[in-house]
Amino acid sequence: MKWIKDEEFIRGNIPMTKFNIRVFTIGYLAIEEGDRLLDIGAGTGSISIEAALHGAEVWAIEMKREGIELINKNKSKFEVNINVIEGKAPVDLPNVKFNKCFIGGSGGNLEKIFYYLDENLESKGVICGNFITLKNLHQFIDLLNKYKYDDIETQLIQTSYMDKIGLMKGNNPIFIIKGVKR
């Protein structure tokens, strides 16, 4: 299995989960052959593409038109099958049972998304979210506790990269949070 580097994705003005965060996220989700992953706020589709390459059946929802176009271009480029949904979670989500869920963006609907997942995420299903704001981080953790998720893990990832002349440039710190549904 080859991991995809950031520069291989077709990009636009939509945020993309960067390589090192994708690796951690796919690891926390423990994606494997036969999983059914729901990717909420799919952006460019980087998590969806990696999960599909690991053998998951993927549903990706994105509300921005540019994001939908990028997901479709990337799924063609990497020759994976992804169920792409243009819309807003949870109102436009299918009545499908998932065993994995990634939240990259919630559109301010985290509480409603958890309500949806209460019915549509299987018992022992894994949810993972990436957050750059403390407000959303705290709300996600509160909802994991409210809906009685187990095995909650939180990690702060701070990365940087070296530019062409050797200066270190910092990326936004990202909180990765995972929980397992009872």
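**Legends to close-up views of the predicted model**

Glu79 is placed in the loop between helix H3 (65-77) and E3. This is a predicted model, in which local features need pLDDT of at least 70, side-chain atom pairs count only at pLDDT 80 or more, and totals for chains, interfaces and linings use all residues. Residues are numbered from 1 along each chain as its sequence is written, and side-chain values use heavy atoms, with hydrogens and water left out.

View 1. The phi angle of Glu79 is near 55°, a positive value in a residue other than glycine. With a relative accessible area of 74%, Glu79 is exposed; buried means under 20% relative accessible area, exposed over 50%, and partly exposed in between (1.4 Å probe, protein chains only). Ala30 also has phi near 55°, positive although the residue is not glycine. Ala30 belongs to the loop between H1 and E1 and is partly exposed, at a relative accessible area of 42%. The element names refer to DSSP runs numbered from the N terminus, with helices (H or I) of at least four residues and strands (E) of at least two.

**View 2. The crossing of helices H1 and H2.** The axes of helix H1 (residues 19-29) and helix H2 (residues 46-53) come within 10 Å and cross at roughly 55°. H1 is therefore oblique to H2. Axes are lines fitted to C-alpha atoms, for helices over the stretch in contact, and angles run from 0 to 180 degrees between N-to-C directions. Angles under 35 degrees count as roughly parallel, over 145 as roughly antiparallel, 65 to 115 as roughly perpendicular and the rest as oblique. The crossing of H1 with H2 is right-handed; a crossing has this hand if the near helix is turned clockwise from the far one by less than a right angle, and is left-handed if anticlockwise. On the H1 side the contact is made by Arg22, Thr25 and Ile26, and on the H2 side by Ser46, Ile47, Glu50 and Ala51, where contact means heavy atoms within 4.5 Å. These residues comprise 3 nonpolar, 2 polar and 2 charged. Ala, Val, Leu, Ile, Met, Phe, Trp, Tyr, Cys and Pro count as nonpolar, Asp, Glu, Lys and Arg as charged, and the others, Gly among them, as polar.

View 3. Arg22 and Glu50 form a salt bridge through their side chains (3.3 Å, N to O). The two residues link distant parts of the chain, with Arg22 in helix H1 and Glu50 in helix H2, 28 residues apart. A salt bridge is a side-chain nitrogen of Lys or Arg within 4 Å of a carboxyl oxygen of Asp or Glu. Arg22 counts as buried because its relative accessibility is 0%, and Glu50 is likewise buried, with a relative accessible area of 0%. A network of salt bridges links Asp6, Arg22 and Glu50. The whole structure contains 9 salt bridges.

View 4. The side chains of Asp35 and Lys100 form a salt bridge (2.8 Å, N to O). Asp35 lies in the loop between H1 and strand E1 (36-40) and Lys100 in strand E4 (residues 98-103), so this pair ties together parts 65 residues apart in sequence. Both Asp35 and Lys100 are buried. Arg36 and Glu122 are also joined by a salt bridge between their side chains (2.1 Å, N to O). Since Arg36 is in strand E1 and Glu122 in strand E5 (residues 121-131), the pair ties together parts that are 86 residues apart in sequence. Arg36 is partly exposed at 22% relative accessibility, and Glu122 is partly exposed with a relative accessible area of 30%.

View 5. Lys97 is located in the loop between E3 and E4 and counts as partly exposed at 43% relative accessibility. Leaving aside neighbours within four places in sequence, Lys97 is in contact with Arg36, Glu119, Asn120 and Glu122. Pro90 is found in the loop between strand E3 (82-86) and E4, and the peptide bond from Ala89 to Pro90 is cis, with omega near 0°.
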